[in-house]
Amino acid sequence: MVERVIVVGAGPVGLTCAALLARAAVPVLVLEMTAARENDLRASTWHPPTLDMLDELGLAAPLVTAGLVSPTWQVRMHPSGERAVFDLAVLAGDTRHPYRLQCEQQVYCELLEARLTRLDGPCTLRRGVQVTGLAQSGTGVGVQVREADGTSAVLDAAWVIGADGARSVVRQAAGLEFQGSTYPETTILATTTFPFEQHLDGLSNVNYCWSADGTFSLLRLPRLWRVSLYADDAETVEQALQPNAIEAKLQRIVPMAGRYPVLEARPYRIHQRIVPGYRRGRVLLAGDAAHLNSPSGGMGMNGGLHDAFNLCAKLVRVWRGEDAALLDLYGRQRRPVAEEQILAQAHQNRTRMQERDPEKRRATLRELQAVAVDPARAREYLLRSSMITGLRQAEAIT
Ligand SMILES: Cc1cc2nc3c(=O)[nH]c(=O)nc-3n(C[C@H](O)[C@H](O)[C@H](O)COP(=O)(O)OP(=O)(O)OC[C@H]3O[C@@H](n4cnc5c(N)ncnc54)[C@H](O)[C@@H]3O)c2cc1C
């Protein structure tokens with residue numbers, strides 16, 4: 001048995017696990033099926049405690065430099081502009097980063113990958129290697145792979161971390177069911193250089209909006225805006241993805257002469273799923289492989305990174321001789337947080353923004369405004385939405 005950890009997947013969660021293990025001198029091999037990093041139009045929001053953790057890897061500062069510091073976020077009625085604005089300054093005593101950071105997950109992965117290749121630690125990243133199955137024995141795991149040239153091989157490891165995302169082969173091979181459901185709506189993410197901030201009064205960098213015909217959100221990044229849109233009632237997703245349909249939806253947000261400069265538009269199915277356990281013998285799951293939630297609130301990747309920090313701290317201790325039962329604590333701490341905080345809040349956020357009844361929307365907005373202007377209530381609310389409550393909940397589980 002080769003004395004190493006195999007991490008499957010070089011997404012944000014797998015790369016973070018690799019960096020944390022290598023830093024502690026644990027030999028690690030990362031297997032990634034894609035030959036090169038793809039432009040990933042997914043996570044853009046970084047929450048305060050994630051940035052606090054990334055300080056440990058020296059990555060918070062370069063990420064903050066590359067991104068957009070966003071002291072506030074808001075829920076907004078469109079086109080009236082009535083809004084509830086949450087100011088993260090109330091968290092100044094709870095975090096070193098009392099703001100959301102807006103930065104593409106790809107930027108983080110690139111920073112981390114560059115860092116990993118420079119690390120003196122024993123870490124190798126192999127791209128173009130697809131994991132196809134696993135076989136566990138009492139002392140290790142045989143990881144079945146298809147190499148870039150089409151040949152098959154089995155690579156040994158003492159432990160395997162499945163950070164291979166929503167369609168995780170590791171999860172399936174470990175026999176862990178992905179319980180939950182898929183939402184009926186598809187989110188369409190479109191990017192544009194149109195300066196919404198010059199046309200809509202008092203925008204934050206993160207804006208969840210109700211409109212007469214549905215909902216959209218406006219997420220600002222250093223060089224563009226990301227707009228999440230939905231198909232109209234009478235439209236299929238394929239129709240909604242057509243350039244003219246995207247254009248019509250953007251024109252409804254801010255009407256303007258000429259066409260919007262749209263860079264790209266992509267559809268995403270949205271799920272709410274979780275595995276019954278995060279460990280099966282010598283196989284551990286983290287990130288999207290273990291749990292999936294609506295992107296509303298920007299918590300999926302952040303939660304996956306919190307998994308990575310929790311898991312790797314324990315795996316390093318086990319590697320150095322502590323009882324492997326410590327790894328069960330990882331799942332006992334992180335799974336309830338995923339279910340009761342991340343999935344639950346993401347569902348609540350998604351349901352709130354999908355509401356069409358004007359009276360209910362108005363009542364929700366009034367309630368959010370009341371919370372936002374009351375420092376004690378705002379702090380409590382933001383501790384939860386910024387994922388600090390969940391981390392404290394996990395820490396309290398022994
Ligand atoms: C529209 C949208 C917006 C989002 N916005 C946010 C946000 O603002 N904030 C937030 O926190 N989260 C957000 N998320 C969620 C976030 O993108 C994911 O939670 C995050 O990417 C999960 O990271 P991961 O490393 O677990 O998985 P992934 O990023 O999916 O990475 C998995 C990696 O494993 C590789 N892989 C898969 N199968 C194999 C195999 N068999 N062999 C080898 N390699 C394999 C894949 O190629 C991939 O590189 C959003 C999601 C969507 C859809």
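## Close-up views of a predicted model

**View 1. The hairpin of β9 and β10.** In this predicted model, strand β9 (residues 130-136) and β10 run antiparallel and are joined by six bridges. The two strands form a hairpin in which four residues lie between them, and Gln136 stands opposite Val141 in β10.

View 2. Asp40 is found in the loop between β2 (28-32) and β3 (45-46). Is this residue buried, exposed or partly exposed? Asp40 is partly exposed, because 14 other C-beta atoms lie within 10 Å, a count that falls between the limit of 12 or fewer for an exposed residue and that of 20 or more for a buried one. When residues up to four places away in sequence are not counted, Asp40 touches Gln105 and Gln106. The C-alpha atoms of Asp40 and Met299 are separated by 16 Å, and the two residues are 259 residues apart along the chain.

**View 3. The open sheet of three strands.** The strands follow the order β3-β7-β4 in an open sheet, and their pairing is antiparallel. The edge strands are β3 and β4 (68-70), each of which pairs on one side only. Between β4 and strand β7 (residues 100-102) there are three bridges, with the two strands running antiparallel, and the bridge partner of Leu68 in β7 is Gln102.

**View 4. The open sheet of six strands, with its β18 edge.** This open sheet has the order β8-β2-β1-β12-β19-β18, and its pairing is mixed. Because β8 (123-127) and β18 (279-280) stand at the edges with a single partner strand each, one side of each is left without a neighbour in the sheet.

**View 5. The whole chain, as context for the close-ups.** The protein contains 12 helices and 20 strands. Its radius of gyration is 21 Å, close to the 21 Å that the globule rule gives for 398 residues, so the protein is as compact as a globular protein of that length. Along the principal axes, the C-alpha trace spans about 65 × 50 × 40 Å. Of the 398 residues in the protein, 42% are buried. Among the contacts with a separation of 6 or more, 72% are accounted for by residues 24 or more positions apart.

Methods. Residues are numbered from 1 along each chain as its sequence is written. This is a predicted model: local features need pLDDT of at least 70, side-chain atom pairs count only at pLDDT 80 or more; totals for chains, interfaces and linings use all residues. Two strands pair if DSSP finds at least two bridges between them. Two residues are in contact if their C-beta atoms, placed from the backbone, lie within 7 Å. The radius of gyration is taken over C-alpha atoms; the globule rule is 2.2 Å times the number of residues to the power 0.38.
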